[in-house]
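Thanks for making time this morning. I would like to walk you through one model, so please have a look at it before I start.

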Amino acid sequence: MTGNAVAEPLAPAERKQFLRLVREFAQEKVAPRVQEYDAAEKLPDDLLAEMAGLGFFGGVVPPEWGGLGLDHVTFSQVIEEISRVDHCLGVLMSMPSALVGAGLLTFGTDEQRKRWLVPLAEGRIFGGAGVTEPRSGSDVAGTSTRYERTRDGYVLHGAKAWITNLDRASFFVTFATADPSLGRRGLSAFIIPADAPGVLKEPVHNKLGFRPLCTGGLTLGGVELGEEALLGEEGQGFAVAMTAVERGRLSVASRAVGLAQSCLDASVGYAVDRVVFGQPIANFQMVQHKIANMAVSVQAARLLTQQCAEAMQRGERARTEASMAKLYASDTAQSAATEAVQIHGAYGVSEDYGVARAYRDAKVFQIVEGANDIHRLLIARDALATAGRESGS
Ligand SMILES: Cc1cc2nc3c(=O)[nH]c(=O)nc-3n(C[C@H](O)[C@H](O)[C@H](O)COP(=O)(O)OP(=O)(O)OC[C@H]3O[C@@H](n4cnc5c(N)ncnc54)[C@H](O)[C@@H]3O)c2cc1C
(Lines give C-alpha, C1' and ligand atoms only; values in the text may rest on other atoms or scores of the structure.)
Protein backbone atom coordinates (compact mmCIF):
# COMPACT_ATOMS: atom_id res chain seq x y z
CA MET A 1 0.00 0.00 0.00
CA THR A 2 1.41 3.41 -0.90
CA GLY A 3 -0.32 5.96 1.25
CA ASN A 4 0.35 8.94 -0.93
CA ALA A 5 -1.43 7.27 -3.85
CA VAL A 6 -4.62 6.36 -1.92
CA ALA A 7 -7.51 8.10 -3.64
CA GLU A 8 -10.60 6.68 -1.93
CA PRO A 9 -11.63 5.67 1.59
CA LEU A 10 -10.52 2.15 2.46
CA ALA A 11 -12.98 -0.76 2.16
CA PRO A 12 -13.40 -3.07 5.23
CA ALA A 13 -10.93 -5.68 3.94
CA GLU A 14 -8.38 -2.96 3.21
CA ARG A 15 -8.87 -1.49 6.66
CA LYS A 16 -8.05 -4.89 8.20
CA GLN A 17 -5.01 -5.16 5.96
CA PHE A 18 -3.92 -1.69 6.99
CA LEU A 19 -4.18 -2.60 10.69
CA ARG A 20 -2.04 -5.67 10.06
CA LEU A 21 0.49 -3.56 8.17
CA VAL A 22 0.76 -1.13 11.11
CA ARG A 23 1.17 -4.00 13.59
CA GLU A 24 3.91 -5.66 11.52
CA PHE A 25 5.67 -2.36 10.96
CA ALA A 26 5.60 -1.64 14.71
CA GLN A 27 6.98 -5.05 15.60
CA GLU A 28 9.58 -5.36 12.85
CA LYS A 29 10.75 -1.79 12.28
CA VAL A 30 10.03 0.11 15.49
CA ALA A 31 10.50 -2.39 18.34
CA PRO A 32 14.22 -3.01 17.67
CA ARG A 33 14.98 0.73 17.75
CA VAL A 34 12.59 2.36 20.22
CA GLN A 35 14.79 2.03 23.30
CA GLU A 36 17.73 3.62 21.53
CA TYR A 37 15.87 6.59 20.08
CA ASP A 38 13.98 7.14 23.34
CA ALA A 39 17.36 7.53 25.08
CA ALA A 40 18.63 9.79 22.28
CA GLU A 41 15.47 11.95 22.56
CA LYS A 42 14.91 11.98 18.80
CA LEU A 43 12.61 10.13 16.43
CA PRO A 44 14.56 8.66 13.50
CA ASP A 45 13.95 10.55 10.22
CA ASP A 46 14.15 7.39 8.11
CA LEU A 47 11.40 5.70 10.15
CA LEU A 48 9.10 8.69 9.64
CA ALA A 49 9.87 8.76 5.93
CA GLU A 50 8.99 5.07 5.65
CA MET A 51 5.75 5.66 7.56
CA ALA A 52 4.84 8.50 5.20
CA GLY A 53 5.41 6.20 2.22
CA LEU A 54 2.99 3.70 3.77
CA GLY A 55 0.27 6.30 4.29
CA PHE A 56 0.50 6.17 8.09
CA PHE A 57 -0.25 9.87 8.54
CA GLY A 58 -3.48 9.86 6.52
CA GLY A 59 -5.87 8.92 9.36
CA VAL A 60 -9.42 10.25 9.13
CA VAL A 61 -8.48 13.07 6.75
CA PRO A 62 -10.58 12.60 3.58
CA PRO A 63 -8.68 11.40 0.51
CA GLU A 64 -9.44 14.67 -1.32
CA TRP A 65 -7.26 16.37 1.33
CA GLY A 66 -4.45 13.85 1.16
CA GLY A 67 -5.65 11.42 3.84
CA LEU A 68 -6.84 7.83 4.07
CA GLY A 69 -10.43 8.65 5.01
CA LEU A 70 -10.46 6.08 7.82
CA ASP A 71 -13.49 5.92 10.08
CA HIS A 72 -12.79 7.02 13.66
CA VAL A 73 -13.01 3.49 15.07
CA THR A 74 -10.40 2.12 12.67
CA PHE A 75 -8.27 5.21 13.21
CA SER A 76 -8.34 4.61 16.97
CA GLN A 77 -7.33 0.97 16.45
CA VAL A 78 -4.46 2.03 14.19
CA ILE A 79 -3.19 4.44 16.85
CA GLU A 80 -3.51 1.71 19.51
CA GLU A 81 -1.50 -0.71 17.34
CA ILE A 82 1.49 1.59 16.85
CA SER A 83 1.32 2.63 20.52
CA ARG A 84 1.73 -0.96 21.69
CA VAL A 85 5.32 -0.42 20.61
CA ASP A 86 5.77 3.38 20.65
CA HIS A 87 2.99 5.85 21.34
CA CYS A 88 5.25 8.78 20.34
CA LEU A 89 4.89 7.65 16.73
CA GLY A 90 1.15 7.57 17.53
CA VAL A 91 1.37 11.28 18.37
CA LEU A 92 2.73 12.08 14.92
CA MET A 93 0.29 9.73 13.22
CA SER A 94 -2.67 11.32 14.97
CA MET A 95 -1.78 14.99 14.54
CA PRO A 96 -3.11 15.37 10.96
CA SER A 97 -6.45 13.91 12.08
CA ALA A 98 -6.61 15.60 15.46
CA LEU A 99 -4.69 18.30 17.29
CA VAL A 100 -3.26 19.97 14.18
CA GLY A 101 -5.40 18.83 11.25
CA ALA A 102 -8.93 18.76 12.75
CA GLY A 103 -9.09 22.56 12.97
CA LEU A 104 -7.77 22.93 9.41
CA LEU A 105 -10.29 20.43 8.06
CA THR A 106 -13.27 21.91 9.91
CA PHE A 107 -12.52 25.63 9.78
CA GLY A 108 -9.91 26.05 7.03
CA THR A 109 -10.43 27.50 3.58
CA ASP A 110 -9.68 25.32 0.57
CA GLU A 111 -6.46 27.30 0.10
CA GLN A 112 -5.37 26.61 3.69
CA ARG A 113 -6.21 22.93 3.38
CA LYS A 114 -4.29 22.67 0.11
CA ARG A 115 -1.26 24.43 1.51
CA TRP A 116 -1.07 22.78 4.97
CA LEU A 117 -3.45 19.84 5.39
CA VAL A 118 -2.62 17.89 2.22
CA PRO A 119 1.16 17.69 2.82
CA LEU A 120 0.50 17.06 6.52
CA ALA A 121 -1.78 14.07 5.85
CA GLU A 122 0.68 12.75 3.27
CA GLY A 123 3.52 12.92 5.80
CA ARG A 124 5.50 15.37 3.65
CA ILE A 125 5.49 17.96 6.44
CA PHE A 126 4.68 18.01 10.16
CA GLY A 127 2.79 20.53 12.24
CA GLY A 128 2.34 21.63 15.83
CA ALA A 129 -0.50 23.02 17.93
CA GLY A 130 0.16 25.91 20.30
CA VAL A 131 -2.62 25.99 22.89
CA THR A 132 -0.84 25.89 26.26
CA GLU A 133 0.79 29.04 27.63
CA PRO A 134 3.18 29.47 30.54
CA ARG A 135 0.29 30.80 32.67
CA SER A 136 -2.72 29.07 31.11
CA GLY A 137 -2.65 25.35 30.44
CA SER A 138 -6.00 24.03 31.53
CA ASP A 139 -7.66 27.42 31.10
CA VAL A 140 -7.68 27.95 27.30
CA ALA A 141 -10.01 30.96 27.59
CA GLY A 142 -7.28 32.59 29.71
CA THR A 143 -4.92 32.84 26.69
CA SER A 144 -2.83 35.98 26.96
CA THR A 145 -1.02 35.92 23.58
CA ARG A 146 -2.27 39.09 21.83
CA TYR A 147 -2.93 39.90 18.21
CA GLU A 148 -3.54 43.23 16.56
CA ARG A 149 -4.87 43.93 13.12
CA THR A 150 -2.46 45.57 10.72
CA ARG A 151 -3.05 47.01 7.24
CA ASP A 152 -2.18 43.64 5.62
CA GLY A 153 -3.14 41.15 8.29
CA TYR A 154 -2.13 40.56 11.89
CA VAL A 155 0.78 40.82 14.31
CA LEU A 156 1.13 38.40 17.25
CA HIS A 157 2.94 38.86 20.58
CA GLY A 158 3.11 36.22 23.30
CA ALA A 159 4.44 32.86 24.34
CA LYS A 160 3.28 29.27 24.20
CA ALA A 161 4.64 26.49 26.40
CA TRP A 162 5.10 22.73 26.10
CA ILE A 163 4.48 22.66 22.36
CA THR A 164 5.26 19.34 20.66
CA ASN A 165 7.09 18.99 17.33
CA LEU A 166 9.22 22.12 17.74
CA ASP A 167 11.98 20.44 15.73
CA ARG A 168 9.84 19.17 12.84
CA ALA A 169 6.83 21.41 12.50
CA SER A 170 6.64 23.47 9.32
CA PHE A 171 3.78 25.41 10.87
CA PHE A 172 1.87 25.86 14.11
CA VAL A 173 -1.86 26.32 14.62
CA THR A 174 -2.04 28.71 17.53
CA PHE A 175 -4.38 31.03 19.39
CA ALA A 176 -4.36 34.68 20.36
CA THR A 177 -6.79 37.23 21.73
CA ALA A 178 -7.64 40.72 20.59
CA ASP A 179 -8.73 41.59 24.13
CA PRO A 180 -8.17 39.27 27.13
CA SER A 181 -11.22 40.73 28.92
CA LEU A 182 -13.42 39.04 26.26
CA GLY A 183 -12.35 35.55 27.46
CA ARG A 184 -13.16 32.78 24.99
CA ARG A 185 -15.13 35.19 22.74
CA GLY A 186 -11.94 37.15 22.04
CA LEU A 187 -9.91 34.17 20.83
CA SER A 188 -8.88 33.69 17.19
CA ALA A 189 -6.88 30.88 15.59
CA PHE A 190 -3.85 31.46 13.34
CA ILE A 191 -1.54 29.38 11.16
CA ILE A 192 2.04 30.45 11.73
CA PRO A 193 4.83 29.21 9.42
CA ALA A 194 7.58 27.90 11.70
CA ASP A 195 10.20 30.00 9.91
CA ALA A 196 8.29 33.29 10.21
CA PRO A 197 10.48 36.10 11.61
CA GLY A 198 9.86 36.51 15.34
CA VAL A 199 9.22 32.79 16.03
CA LEU A 200 11.63 31.46 18.66
CA LYS A 201 11.76 27.79 19.75
CA GLU A 202 13.19 26.58 23.05
CA PRO A 203 13.03 22.79 23.51
CA VAL A 204 12.86 21.24 26.99
CA HIS A 205 15.42 18.44 27.28
CA ASN A 206 15.53 15.39 29.53
CA LYS A 207 11.78 15.15 30.08
CA LEU A 208 10.31 12.45 32.36
CA GLY A 209 8.48 10.85 29.43
CA PHE A 210 7.57 11.36 25.76
CA ARG A 211 11.30 11.79 25.35
CA PRO A 212 11.65 11.34 21.56
CA LEU A 213 9.23 14.22 20.98
CA CYS A 214 10.74 17.69 20.84
CA THR A 215 8.54 19.76 23.14
CA GLY A 216 9.06 23.23 24.58
CA GLY A 217 8.50 26.95 24.44
CA LEU A 218 7.36 28.89 21.39
CA THR A 219 7.86 32.62 21.67
CA LEU A 220 5.97 34.85 19.26
CA GLY A 221 7.80 38.16 19.23
CA GLY A 222 5.89 40.44 16.89
CA VAL A 223 5.17 37.78 14.27
CA GLU A 224 3.64 39.43 11.20
CA LEU A 225 1.08 37.40 9.29
CA GLY A 226 -1.06 37.99 6.22
CA GLU A 227 -4.86 37.70 6.07
CA GLU A 228 -4.49 34.09 4.92
CA ALA A 229 -3.12 33.12 8.37
CA LEU A 230 -6.48 33.49 10.13
CA LEU A 231 -8.09 30.05 10.65
CA GLY A 232 -11.87 30.33 10.83
CA GLU A 233 -13.31 33.72 11.63
CA GLU A 234 -12.12 36.24 14.18
CA GLY A 235 -13.57 35.21 17.56
CA GLN A 236 -13.90 31.54 16.51
CA GLY A 237 -10.61 30.48 18.10
CA PHE A 238 -12.15 28.73 21.09
CA ALA A 239 -14.26 26.53 18.80
CA VAL A 240 -11.16 25.72 16.71
CA ALA A 241 -9.20 24.83 19.87
CA MET A 242 -11.97 22.62 21.26
CA THR A 243 -12.36 20.78 17.93
CA ALA A 244 -8.63 20.10 17.95
CA VAL A 245 -8.33 18.99 21.58
CA GLU A 246 -11.49 16.87 21.60
CA ARG A 247 -10.28 14.95 18.55
CA GLY A 248 -6.87 14.86 20.25
CA ARG A 249 -8.38 13.19 23.31
CA LEU A 250 -9.54 10.21 21.26
CA SER A 251 -5.93 9.82 20.11
CA VAL A 252 -4.52 10.16 23.63
CA ALA A 253 -6.97 7.51 24.86
CA SER A 254 -6.04 5.18 21.97
CA ARG A 255 -2.33 5.67 22.68
CA ALA A 256 -2.87 5.05 26.39
CA VAL A 257 -4.77 1.81 25.64
CA GLY A 258 -1.87 0.68 23.41
CA LEU A 259 0.65 1.44 26.14
CA ALA A 260 -1.46 -0.31 28.81
CA GLN A 261 -1.85 -3.38 26.55
CA SER A 262 1.93 -3.49 26.09
CA CYS A 263 2.33 -3.53 29.90
CA LEU A 264 -0.12 -6.42 30.16
CA ASP A 265 1.66 -8.34 27.37
CA ALA A 266 5.08 -7.78 28.96
CA SER A 267 3.79 -8.77 32.41
CA VAL A 268 2.20 -12.00 31.19
CA GLY A 269 5.35 -12.97 29.28
CA TYR A 270 7.63 -12.19 32.20
CA ALA A 271 5.40 -13.86 34.82
CA VAL A 272 5.49 -17.13 32.87
CA ASP A 273 9.29 -17.02 32.38
CA ARG A 274 10.46 -15.78 35.76
CA VAL A 275 11.06 -18.62 38.22
CA VAL A 276 11.51 -17.92 41.96
CA PHE A 277 10.83 -20.18 44.95
CA GLY A 278 11.04 -23.01 42.40
CA GLN A 279 8.10 -21.93 40.25
CA PRO A 280 7.05 -19.28 37.72
CA ILE A 281 5.77 -16.16 39.46
CA ALA A 282 2.62 -16.55 37.29
CA ASN A 283 1.61 -19.27 39.79
CA PHE A 284 1.38 -16.77 42.64
CA GLN A 285 -2.11 -15.53 43.28
CA MET A 286 -0.99 -11.99 43.97
CA VAL A 287 0.66 -11.78 40.54
CA GLN A 288 -2.48 -13.24 38.96
CA HIS A 289 -4.53 -10.62 40.79
CA LYS A 290 -2.46 -7.82 39.23
CA ILE A 291 -2.72 -9.40 35.77
CA ALA A 292 -6.50 -9.84 36.11
CA ASN A 293 -6.99 -6.21 37.14
CA MET A 294 -4.80 -5.05 34.28
CA ALA A 295 -6.69 -7.17 31.73
CA VAL A 296 -10.08 -5.85 32.90
CA SER A 297 -9.10 -2.20 32.94
CA VAL A 298 -7.32 -2.38 29.56
CA GLN A 299 -10.45 -3.85 28.00
CA ALA A 300 -12.72 -1.32 29.76
CA ALA A 301 -10.49 1.53 28.56
CA ARG A 302 -10.60 0.13 25.02
CA LEU A 303 -14.40 -0.03 25.09
CA LEU A 304 -14.73 3.55 26.38
CA THR A 305 -12.34 4.66 23.65
CA GLN A 306 -14.33 2.78 21.03
CA GLN A 307 -17.54 4.37 22.32
CA CYS A 308 -15.96 7.79 21.87
CA ALA A 309 -14.78 6.89 18.34
CA GLU A 310 -18.26 5.64 17.43
CA ALA A 311 -19.87 8.86 18.66
CA MET A 312 -17.41 10.90 16.58
CA GLN A 313 -18.16 8.67 13.62
CA ARG A 314 -21.86 9.52 13.98
CA GLY A 315 -20.83 13.16 13.70
CA GLU A 316 -21.40 13.95 17.36
CA ARG A 317 -19.15 16.27 19.31
CA ALA A 318 -18.55 13.51 21.90
CA ARG A 319 -17.16 15.92 24.46
CA THR A 320 -18.01 13.83 27.53
CA GLU A 321 -17.16 10.54 25.79
CA ALA A 322 -13.74 12.00 24.91
CA SER A 323 -13.16 13.10 28.51
CA MET A 324 -14.20 9.70 29.88
CA ALA A 325 -12.01 7.80 27.43
CA LYS A 326 -8.99 10.06 28.01
CA LEU A 327 -9.36 10.00 31.80
CA TYR A 328 -9.93 6.28 32.18
CA ALA A 329 -7.40 5.14 29.55
CA SER A 330 -4.61 7.34 30.95
CA ASP A 331 -5.31 6.24 34.54
CA THR A 332 -5.31 2.64 33.29
CA ALA A 333 -1.99 3.18 31.52
CA GLN A 334 -0.51 4.59 34.70
CA SER A 335 -1.73 1.76 36.93
CA ALA A 336 -0.83 -0.94 34.37
CA ALA A 337 2.68 0.48 34.03
CA THR A 338 3.10 0.61 37.82
CA GLU A 339 2.03 -3.03 38.19
CA ALA A 340 4.15 -4.10 35.21
CA VAL A 341 7.28 -2.64 36.82
CA GLN A 342 6.35 -4.41 40.09
CA ILE A 343 5.93 -7.77 38.34
CA HIS A 344 9.31 -7.32 36.64
CA GLY A 345 11.01 -6.66 39.98
CA ALA A 346 14.48 -5.17 39.59
CA TYR A 347 14.40 -5.86 35.83
CA GLY A 348 11.46 -3.50 35.59
CA VAL A 349 13.76 -0.71 36.72
CA SER A 350 16.26 -1.33 33.90
CA GLU A 351 15.55 0.00 30.42
CA ASP A 352 15.84 -3.46 28.86
CA TYR A 353 12.23 -4.61 29.21
CA GLY A 354 10.33 -1.52 28.02
CA VAL A 355 8.17 -1.24 31.15
CA ALA A 356 10.35 1.48 32.69
CA ARG A 357 9.75 3.62 29.59
CA ALA A 358 6.02 2.84 29.81
CA TYR A 359 6.05 3.86 33.47
CA ARG A 360 7.64 7.25 32.66
CA ASP A 361 5.32 7.89 29.72
CA ALA A 362 2.14 6.77 31.48
CA LYS A 363 2.39 9.55 34.05
CA VAL A 364 2.54 12.15 31.29
CA PHE A 365 -0.68 10.79 29.77
CA GLN A 366 -2.51 11.93 32.91
CA ILE A 367 -1.40 15.52 32.24
CA VAL A 368 -1.50 16.16 28.47
CA GLU A 369 -4.61 17.26 26.51
CA GLY A 370 -6.34 18.37 29.67
CA ALA A 371 -5.08 17.25 33.07
CA ASN A 372 -7.23 14.40 34.41
CA ASP A 373 -8.66 16.61 37.15
CA ILE A 374 -10.10 18.87 34.45
CA HIS A 375 -11.72 15.85 32.81
CA ARG A 376 -13.24 14.84 36.16
CA LEU A 377 -14.62 18.36 36.38
CA LEU A 378 -16.14 18.19 32.87
CA ILE A 379 -17.62 14.73 33.45
CA ALA A 380 -19.11 15.81 36.79
CA ARG A 381 -20.59 18.96 35.24
CA ASP A 382 -22.21 16.87 32.53
CA ALA A 383 -23.56 14.33 35.04
CA LEU A 384 -24.95 17.09 37.28
CA ALA A 385 -26.54 18.91 34.33
CA THR A 386 -28.14 15.66 33.13
CA ALA A 387 -29.45 14.98 36.64
CA GLY A 388 -30.81 18.55 36.78
CA ARG A 389 -32.60 18.14 33.42
CA GLU A 390 -34.11 14.83 34.47
CA SER A 391 -35.42 16.30 37.75
CA GLY A 392 -36.68 19.39 35.89
CA SER A 393 -34.67 21.79 38.09
C1 LIG B 1 5.14 16.13 26.89
C2 LIG B 1 4.10 17.20 26.76
C3 LIG B 1 3.66 17.55 25.50
C4 LIG B 1 2.72 18.58 25.35
N5 LIG B 1 2.36 18.98 24.09
C6 LIG B 1 1.52 20.04 23.93
C7 LIG B 1 1.22 20.55 22.63
O8 LIG B 1 1.66 20.03 21.61
N9 LIG B 1 0.43 21.66 22.54
C10 LIG B 1 -0.08 22.27 23.64
O11 LIG B 1 -0.79 23.27 23.50
N12 LIG B 1 0.17 21.80 24.91
C13 LIG B 1 0.98 20.71 25.07
N14 LIG B 1 1.27 20.26 26.33
C15 LIG B 1 0.70 20.94 27.49
C16 LIG B 1 -0.43 20.17 28.18
O17 LIG B 1 -1.55 20.06 27.33
C18 LIG B 1 -0.72 20.91 29.50
O19 LIG B 1 0.40 20.65 30.32
C20 LIG B 1 -1.98 20.45 30.15
O21 LIG B 1 -3.11 20.91 29.43
C22 LIG B 1 -2.08 20.96 31.59
O23 LIG B 1 -1.81 22.33 31.66
P24 LIG B 1 -0.73 22.88 32.72
O25 LIG B 1 0.49 22.04 32.62
O26 LIG B 1 -0.59 24.34 32.50
O27 LIG B 1 -1.40 22.61 34.12
P28 LIG B 1 -2.25 23.63 35.01
O29 LIG B 1 -3.38 24.19 34.24
O30 LIG B 1 -1.30 24.57 35.67
O31 LIG B 1 -2.80 22.65 36.09
C32 LIG B 1 -1.94 22.02 37.08
C33 LIG B 1 -2.79 21.11 37.94
O34 LIG B 1 -3.72 21.88 38.67
C35 LIG B 1 -4.94 21.18 38.80
N36 LIG B 1 -6.03 21.99 38.23
C37 LIG B 1 -5.93 23.00 37.32
N38 LIG B 1 -7.13 23.54 37.06
C39 LIG B 1 -8.02 22.87 37.83
C40 LIG B 1 -9.44 22.94 38.02
N41 LIG B 1 -10.19 23.84 37.35
N42 LIG B 1 -10.01 22.07 38.89
C43 LIG B 1 -9.29 21.16 39.54
N44 LIG B 1 -7.94 21.03 39.42
C45 LIG B 1 -7.32 21.87 38.57
C46 LIG B 1 -4.77 19.84 38.06
O47 LIG B 1 -4.38 18.84 39.00
C48 LIG B 1 -3.63 20.11 37.12
O49 LIG B 1 -2.90 18.93 36.81
C50 LIG B 1 2.19 19.22 26.50
C51 LIG B 1 2.62 18.85 27.78
C52 LIG B 1 3.57 17.84 27.91
C53 LIG B 1 4.01 17.47 29.29
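How many residues of domain 2 are in contact with how many residues of domain 3? Before I answer, a word on what we are looking at: this is a predicted model, in which local features need pLDDT of at least 70 and side-chain atom pairs count only at pLDDT 80 or more, while totals for chains, interfaces and linings use all residues. Residues are numbered from 1 along each chain as its sequence is written.

The domain assignment gives domain 1 (3-125), domain 2 (127-238) and domain 3 (239-382), with bounds that come from an automatic or database domain assignment. To return to the question, 15 residues of domain 2 are in contact with 13 residues of domain 3, where contact requires the C-beta atoms of two residues, placed from the backbone, to lie within 7 Å. On the side of domain 2 that touches domain 3, β4 (169-177) and α8 (237-273) are the elements that give two or more residues; helices (H or I, at least four residues) and strands (E, at least two) are DSSP runs, numbered from the N terminus. By class, that side has ten nonpolar, five polar and no charged residues, with Ala, Val, Leu, Ile, Met, Phe, Trp, Tyr, Cys and Pro counted as nonpolar, Asp, Glu, Lys and Arg as charged, and the others, Gly among them, as polar. The centres of domain 2 and domain 3, taken over C-alpha atoms, are separated by 30 Å.

Let me turn to the ligand. It is surrounded by 22 residues, of which Val131, Gly137, Ser138, Thr164 and Ala371 are the closest; a residue is near a molecule if its C-beta atom, placed from the backbone, lies within 6 Å of it. Domain 2 and domain 3 each contribute at least three residues to this shell, and at least two come from each of β1 (126-130), β3 (153-164) and α13 (372-391). The shell is made up of eleven nonpolar, eight polar and three charged residues.

My last stop is phenylalanine 210, in the loop between β6 (199-203) and β7 (215-226). Not counting residues up to four places away in sequence, phenylalanine 210 touches Cys88, Thr215, Asp361 and Val364.
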